[in-house]
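Visitor: Could you take me through this structure slowly, and tell me what stands behind each term as you use it?

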Amino acid sequence: MEITGKTLVALGYQPGKWFKEAIIYANQHQLEGEQLTNYLDSVKPIHQPLHTETVDLKINIHADNDQEQGNVDAVVASMRKLLRTPTMVKGAVMPDACPTGPIGTIPVGGVAVAKNAIHPGMHSADICCSVMLTDVGMIDPKKVLDQAQQVTHFGFGGRSYDKQFLLPTRLKNSFKDNPLLNKEKMLEMAQSHLGTQGDGNHFLFVGKSAKTGHTMMVTHHGSRGVGAMLYSQGMKIAENFRKQISPETLKQNAWIPFDTEEGKQYWQALQTIRAWTKLNHSMLHDATLHGLRVQGYDRYWNEHNFVFQVGSTSDEPLFYHAKGATPLDEKFLPDSTGPRLVPLNMAEPVLIVQGATTKDNLGFAPHGAGRNISRSAHKREKQGQTELQIFQEETEGIDVRFFSGEIDISELPSAYKNAQTVRSQMQTYGLGDVIDEVLPYGSIMAGDWQKNAPWKRRKKNKKKKQQCAK
């Protein structure tokens with residue numbers, strides 16, 4: 001009798017990728033009865049139920065007012081639900097924490113440690129969102145900001161062909177060598193998005209070191225389109241595994257087992273995306289130095305949206321998922337060349353910090369100031385004032401520029417948590433020591449680039465033509 005998928009379903013087995021090889025093997029060896037069920041039981045995916053209780057959660061945040069209390073409660077509730085996922089070992093919450101989706105979704109400022117598993121939803125679409133600092137030396141910060149504005153690129157899409165940076169052959173080959181990255185559209189983005197910073201809270205910041213007086217340039221952005229495309233693939237792969245081994249797990253917390261072929265490919269793809277993102281920062285910094293005709297003194301970099309692999313006492317590695325959390329411990333950054341960076345908002349210093357792992361911080365610090373309310377809620381709070389009034393009031397004394405020419409009030413200082421509160425809680429909970437500060441001179445952000453986006457201009461022009469024709 002030939003064994004088919006229907007045979008296995010009739011025996012009570014859940015369909016999945018494993019059916020194909022199991023059916024071939026069973027037919028080749030003409031398995032029947034108890035021999036067949038014994039074999040199927042040995043190769044079927046092992047179902048992993050949710051933890052009955054939340055695993056250990058370290059809460060490095062407290063509320064100073066009612067609004068913050070609501071934010072803290074939502075963050076903690078979400079982390080507690082997330083930490084019932086079968087792979088979870090422990091977790092932590094930083095002072096900049098804020099919710100990012102339905103309960104059970106990792107918040108900004110969350111750290112989730114998993115055994116033998118990579119959770120794409122826990123590093124998010126903005127893979128390897130990171131910050132880089134270059135010490136430019138004793139030079140007028142306005143000159144640096146002016147030069148950087150000529151170099152950088154914010155907003156939708158990539159650079160025009162005549163303004164693109166060259167993607168190194170070694171990195172292009174890394175894309176081509178990985179099935180998850182070797183796609184025409186992704187390779188095109190790897191080229192055209194190089195030297196771009198996107199939108200949202202990404203920035204280019206210029207200020208002066210409180211310690212040395214040197215001018216310093218800081219960039220903040222992630223992996224752009226290439227990271228977003230890898231994330232989408234990772235979520236699909238993880239969902240396939242979730243259906244087979246843990247259907248009770250929330251979809252956003254699905255995982256890819258590291259000891260599978262898919263797990264190894266995804267891990268290597270993450271390392272390539274990391275290398276691309278670091279290069280993206282470096283090229284902007286190098287081009288700015290070249291335009292200024294200076295060499296610079298020092299440079300360091302760290303990501304705060306990533307997955308870090310660390311050995312464990314068992315044979316299974318641990319994966320630290322940081323969603324908006326800055327790694328302090330050098331074990332997370334083997335290529336570290338300096339301290340870490342914690343930006344707050346455009347009117348506050350970028351903190352230069354160092355620190356060690358404690359039982360509460362799990363080796364991490366906050367990645368910034370975070371938010372208590374959403375962008376849209378913040379805009380509603382500002383109703384009654386013009387964008388220009390809000391902008392002038394909140395950026396007095398600093399040189400703030402929007403690449404698109406359109407003000408984005410959801411990125412102004414009042415949109416974020418109180419910076420002093422975050423700094424105070426860093427000290428309270430042992431989340432790194434501030435060893436220097438980059439005092440703000442000015443910054444560049446995307447601004448509200450969608451307000452006058454090309455497709456909106458085309459739509460307006462088309463409407464005008466139709467009205468004229470009538």
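Guide: The second largest pocket is lined by 24 residues, and Pro45, Phe241, Ile245, Pro257 and Thr260 lie nearest its centre. This is a predicted model, in which local features need pLDDT of at least 70 and side-chain atom pairs count only at pLDDT 80 or more, while totals for chains, interfaces and linings use all residues. Residues are numbered from 1 along each chain as its sequence is written, and side-chain values use heavy atoms, with hydrogens and water left out.

Visitor: What makes a residue part of the lining of a pocket?

Guide: On a 1 Å grid over the protein atoms alone, a pocket is an open set of points where a 1.4 Å probe fits, with protein on both sides within 12 Å along at least five of seven lines, and a lining residue has an atom within 4 Å of a point. Here the lining divides into twelve nonpolar, five polar and seven charged residues.

Visitor: Why is Pro413 called buried?

Guide: Buried means under 20% relative accessible area (1.4 Å probe, protein chains only); Pro413 has 14%, so Pro413 counts as buried. Contact means heavy atoms within 4.5 Å, and Pro413 touches Asn345, Met346, Ala347 and Glu394, not counting residues up to four places away in sequence.

Visitor: How far is Pro413 from His119 in sequence and in space?

Guide: Pro413 and His119 are 294 residues apart in sequence and 32 Å apart in space, C-alpha to C-alpha.

Visitor: Which residues does Leu230 touch?

Guide: Leaving out residues up to four places away in sequence, Leu230 touches Ile127, Leu180, Leu181, Met186, Tyr266, Ala269, Leu270 and Ile273.

Terms used
Nonpolar A, V, L, I, M, F, W, Y, C, P; charged D, E, K, R; others polar. Buried < 20%, exposed > 50% of the residue type's maximum accessible area, 1.4 Å probe, protein only.
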